[in-house]
Amino acid sequence: MTLRFSLITFLFLTFTITAQNKMKSVEELIDKKDPGWVIVEDWIKTAKNKVEVLPVDASKAKETLYNTQVTTRSSLGAVIFMTGGILVDDGWIRILGSGNSKFNRTLSDWNKGKTFKEFGETPSFVLIADDAIGGFYLLNGGGLGTDLGKVYYFSPDNLEYEPLDITYSEFLGFCFSNDLDKFYEGNRWNGWRQEVSKLKGDEVFNFYPFLWTAEGSDISKNSRKIIPVQEQYSLNIDLRKQLGFEQ
């Protein structure tokens with residue numbers, strides 16, 4: 001996996017170079033000779049966790065691919081072009097694709113206004129996925145550290161950008177087959193799966209007290225309500241500023 005897709009840095013260079021010059025056409029971005037989806041699909045077939053690939057709308061897929069400016073040879077481009085998004089563990093993790101009625105966000109539109117202002121601009125990072133408790137996964141474009149092309153977790157229980165030291169392709173492997181109970185230890189409550197399965201793709205659980213406070217450290221004792229994911233992301237960013245994390 002790592003060898004096949006260690007070109008993630010190249011993917012970001014493609015992203016930034018085309019942003020600074022003329023954007024590539026959809027036809028230039030679609031790789032029919034060596035599509036990344038063949039490999040991603042194999043990972044899904046052998047996944048240990050429950051994985052749901054949402055149906056793709058061809059026109060939205062082309063639009064999202066063009067706006068994101070990544071090739072379908074890469075795993076990121078493959079997910080965008082071949083899926084409306086991917087739900088893992090009954091929707092606990094939502095991996096952004098080109099949008100679906102069940103997951104009504106595209107990767108490009110979700111990032112616009114957060115990681116860049118206009119399509120074609122160079123992003124300092126890219127939001128690639130999020131989870132039901134208000135955590136966000138980001139692909140580093142240089143704004144989070146020197147480890148270009150590596151994934152970070154914007155954690156709701158400390159509001160820090162935690163480096164995971166994995167590429168996007170390895171992130172897919174983490175979602176599909178790693179022990180998510182262990183990764184989310186302490187952040188899953190009794191009956192979480194049933195509740196999460198009812199969430200829409202643009203909703204998350206908001207907890208009070210906040211998960212990053214001492215009072216909110218036991219998630220099973222916190223009150224929770226469903227709010228839009230946009231509201232939770234904005235809240236997390238604002239709280240980081242209020243707490244002095246952003247200089």
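Visitor: Leaving aside its neighbours within four places in sequence, which residues is Phe171 in contact with?

Guide: Phe171 is in contact with Ile95, Ile128, Ala129, Tyr137, Val151 and Ile166, where contact means heavy atoms within 4.5 Å. The model is a predicted one, in which local features need pLDDT of at least 70 and side-chain atom pairs count only at pLDDT 80 or more, while totals for chains, interfaces and linings use all residues. Residues are numbered from 1 along each chain as its sequence is written, and side-chain values use heavy atoms, with hydrogens and water left out.

Visitor: Which residues have the most contacts inside the largest nonpolar core?

Guide: They are Ile93, Ile95, Ile128, Tyr137 and Phe171, in a core of 64 residues. A nonpolar core is a set of buried Ala, Val, Leu, Ile, Met, Phe, Trp, Tyr and Cys residues joined through side-chain atoms within 4.5 Å. Helix H7 (residues 168-177) gives the largest share of this core, six residues; helices (H or I, at least four residues) and strands (E, at least two) are DSSP runs, numbered from the N terminus.

Visitor: Why does Thr106 count as buried?

Guide: Its relative accessibility is 8%, and therefore Thr106 falls under the 20% limit. Thr106 is found in the loop between strand E3 (93-95) and helix H6 (107-111).

Visitor: Is Tyr208 buried or exposed, and on what value?

Guide: Tyr208 has a relative accessible area of 56%, so the residue is exposed. At 25%, Phe210 is partly exposed.

Visitor: What places the charged end of Lys114 over the ring of Trp110?

Guide: A charge sits over a ring if NZ of Lys or CZ of Arg is within 6 Å of the ring centre and within 35 degrees of the ring normal. The charged end of Lys114 sits over the ring of Trp110, 3.7 Å from its centre.

Visitor: Why is the pair of Asp89 and Arg188 called a salt bridge?

Guide: A salt bridge is a side-chain nitrogen of Lys or Arg within 4 Å of a carboxyl oxygen of Asp or Glu. The N to O value for Asp89 and Arg188 is 3.0 Å, so the pair qualifies. The two residues are 99 residues apart. Asp89 is buried at 6% relative accessibility, and Arg188 is buried at 15%.

Visitor: How do you know that Arg73 and Asp34 tie together separate parts of the chain?

Guide: Their closest N and O atoms are 3.2 Å apart, in a salt bridge. Arg73 lies in the loop between helix H4 (58-68) and helix H5 (75-82), and Asp34 in the loop between helix H2 (26-29) and helix H3 (37-45), so the pair ties together parts that are 39 residues apart in sequence.

Technical notes. Buried means under 20% relative accessible area, exposed over 50%, partly exposed in between (1.4 Å probe, protein chains only).
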